[in-house]
Amino acid sequence: MHWYTITPHDVLMFRDSKPFSPGEGSWAEGLFPPMPITGFQALRSLLPKSNKNNGTQDDLKFLGPFLLDSKHTLWLPTPKDLVCLYPQGVDRKVASDGWVEIQRLQPVCYESEKWKYLVFDNTAISPLVVDKQWGGTISPPKSWIKAKALFEYLDGKKNNSNWHKKDFCSKPWDTQVLPHIQMQPDKRQVKDSDGYFTEVAVRMKEGWCFVAGFSEEIPESVVRLGGEGHRALVSPLQNTSLEAQLNSLSTGDFCRPSSTSKYAYLLTPGLAPVEESLYSSYPKDWKDKLKGCATDKALLWGGVSTLRKDVKDEVGKIIKTREEFALLPQRAFVPPGTVYLFKNEVETNQHILPNKGGKWLDTFEKLSYGKLLWGRN
């Protein structure tokens with residue numbers, strides 16, 4: 001795997017599953033960070049045309065994108081089974097950093113005196129709770145964690161008291177509202193229909209960029225990142241220590257469960273099927289094997305798109321490229337950072353994906369959707 005930094009030169013906008021068309025009151029938001037397919041398409045656009053036309057694109061692999069700061073520190077989604085404990089009277093806002101301890105959520109113990117009178121849905125897995133008497137308040141930690149701290153978490157080296165505030169950071173981007181107005185031809189008036197809409201774009205903070213892995217070597221170049229025409233600089237990574245961390249995410253020991261693995265961390269968005277075309281936080285066949293699952297709301301992606309098709313003449317020569325309107329399947333992806341706690345039987349899967357699905361499933365696997373990292377107790 002070759003690693004590249006992707007540095008935005010402009011604001012960014014990545015569509016989610018919400019249908020959108022210009023008109024009165026239209027408000028367009030998107031997903032951030034982008035889905036893996038977005039970063040993959042940007043890097044693939046730098047391959048020579050011969051590589052795209054001879055079928056080798058079917059063998060391409062991708063991992064990412066992840067976040068990188070100006071000091072070349074790698075940041076990943078914070079595990080969602082972590083919760084900060086704040087003393088009584090201390091502001092529990094995430095930005096305050098007033099917590100004194102971090103606990104890992106644990107499955108409810110129904111034999112315990114404090115839980116035995118509560119009733120939960122017996123058709124679902126047990127909820128996760130803070131298994132400690134605490135007189136203050138609780139709140140999730142900041143949304144991004146240093147890769148080094150995550151590896152220590154997966155290796156069982158992080159207990160409740162040896163977390164540091166510098167292990168976490170808030171989202172390193174700001175939103176920017178962009179109004180768009182389309183005027184009538186030869187008039188100083190806005191079109192009555194399809195004349196006004198608003199986008200909520202994202203601007204990454206200074207010094208921050210993406211980092212992603214790609215199976216092919218590509219030169220430094222500027223690409224279009226996403227479908228809005230915004231540009232980013234793609235450069236080969238020039239940091240051997242950081243490359244070692246990234247290779248740990250790709251092929252390291254945490255990519256495979258061991259005899260002591262009892263929990264798994266979701267590195268990239270995944271699809272957890274419960275029925276055909278119906279997705280949930282965990283696969284249906286995992287229900288009896290799970291002690292608990294810490295997750296967040298699903299990432300909804302899909303919807304309206306534009307496909308570009310080559311028009312060829314009788315001898316197969318491309319004469320032009322035609323854009324066609326298309327509807328992509330809308331799917332609910334499990335968000336990165338989700339944590340699965342297992343019973344004695346540990347899954348051997350390396351991805352959270354359906355068991356069957358044809359060519360689109362092969363694409364998800366090669367783009368590393370639903371990649372799991374396995375922890376050790």
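Tutor: We begin with what counts as a strand: a strand is a DSSP run of E of at least two residues, and strands are numbered from the N terminus. Glutamine 176, for instance, has its place in strand S12, which covers residues 173–181. Please keep in mind that this is a predicted model.

Student: How many helices and strands does the chain have?
Tutor: There are 5 helices and 24 strands.

Student: Let us stay with glutamine 176. Is glutamine 176 buried, partly exposed or exposed?
Tutor: Buried means under 20% relative accessible area and exposed means over 50%, with partly exposed in between. Glutamine 176 has 28% relative accessibility, so it counts as partly exposed.

Student: Which residues does glutamine 176 contact, leaving aside its neighbours within four places in sequence?
Tutor: The partners are Val11, Glu199, Val200, Ala201 and Arg203. Take arginine 203 from that list: it is 27 residues from glutamine 176 in sequence, yet the two C-alpha atoms are 6.9 Å apart in space. The side chains of glutamine 176 and arginine 203 are also joined by a polar contact of 3.1 Å.

Student: Where could I look for another pair of that kind?
Tutor: Isoleucine 138 and cysteine 84 are 54 residues apart in sequence, while their C-alpha atoms are 5.5 Å apart. Beyond four places in sequence, isoleucine 138 touches Val83, Cys84, Leu85, Tyr86, Arg92 and Val130. Its relative accessibility is 36%, so isoleucine 138 counts as partly exposed.

Student: What share of the chain's contacts with a separation of 6 or more is between residues 24 or more positions apart?
Tutor: That share is 72%.

Student: What does the side chain of aspartate 81 make a polar contact with?
Tutor: The partner is the side chain of arginine 104, at 3.2 Å. Not counting residues up to four places away, aspartate 81 touches Arg104 along with Gln103, Leu105, Tyr153, Ala294 and Val339.

Student: How do I read strand pairing?
Tutor: Two strands pair if DSSP finds at least two bridges between them. Start with strand S16 (residues 231–236), which pairs with strand S1 (residues 2–8) in the antiparallel sense over 5 bridges. In that pair, proline 8 stands opposite alanine 232 in S16. Strand S15 (residues 221–224) also runs antiparallel to S16, and 4 bridges join them. Here arginine 224 stands opposite arginine 231 in S16.

Student: And how do I describe two helices that pack together?
Tutor: Look at the angle, the distance between the axes and the handedness. Helix H3 (residues 147–154) and helix H4 (residues 240–251) pack at about 45°, with axes 11 Å apart. That angle is why H3 is described as oblique to H4. The crossing of H3 past H4 is left-handed. Where they meet, Ala147, Lys148 and Phe151 in H3 face Gln245, Ser248 and Leu249 in H4.

Student: Where can I find a positive phi in a residue other than glycine?
Tutor: Go to histidine 72, where phi is near 60°. Histidine 72 sits in the loop between S3 and S4, and it is partly exposed, with a relative accessible area of 37%. Serine 368 is not a glycine either, and has a positive phi of about 60°. Serine 368 has its place in the loop between helix H5 (359–366) and strand S24 (372–375). With 11% relative accessibility, serine 368 counts as buried.

Notes:
Residues numbered from 1 in each chain as written. Predicted model: local features only at pLDDT ≥ 70, side-chain atom pairs only at ≥ 80, totals over all residues. Heavy atoms only, no water. Polar contact = N/O pair within 3.5 Å; in protein donor to acceptor, adjacent residues only side chain to side chain. Contact = heavy atoms within 4.5 Å. Axes fitted to C-alpha atoms, helices over the stretch in contact; angles between N-to-C directions. Parallel < 35°, antiparallel > 145°, perpendicular 65-115°, else oblique. Left-handed = near helix turned anticlockwise from the far one by under 90°. Buried < 20%, exposed > 50% of the residue type's maximum accessible area, 1.4 Å probe, protein only.
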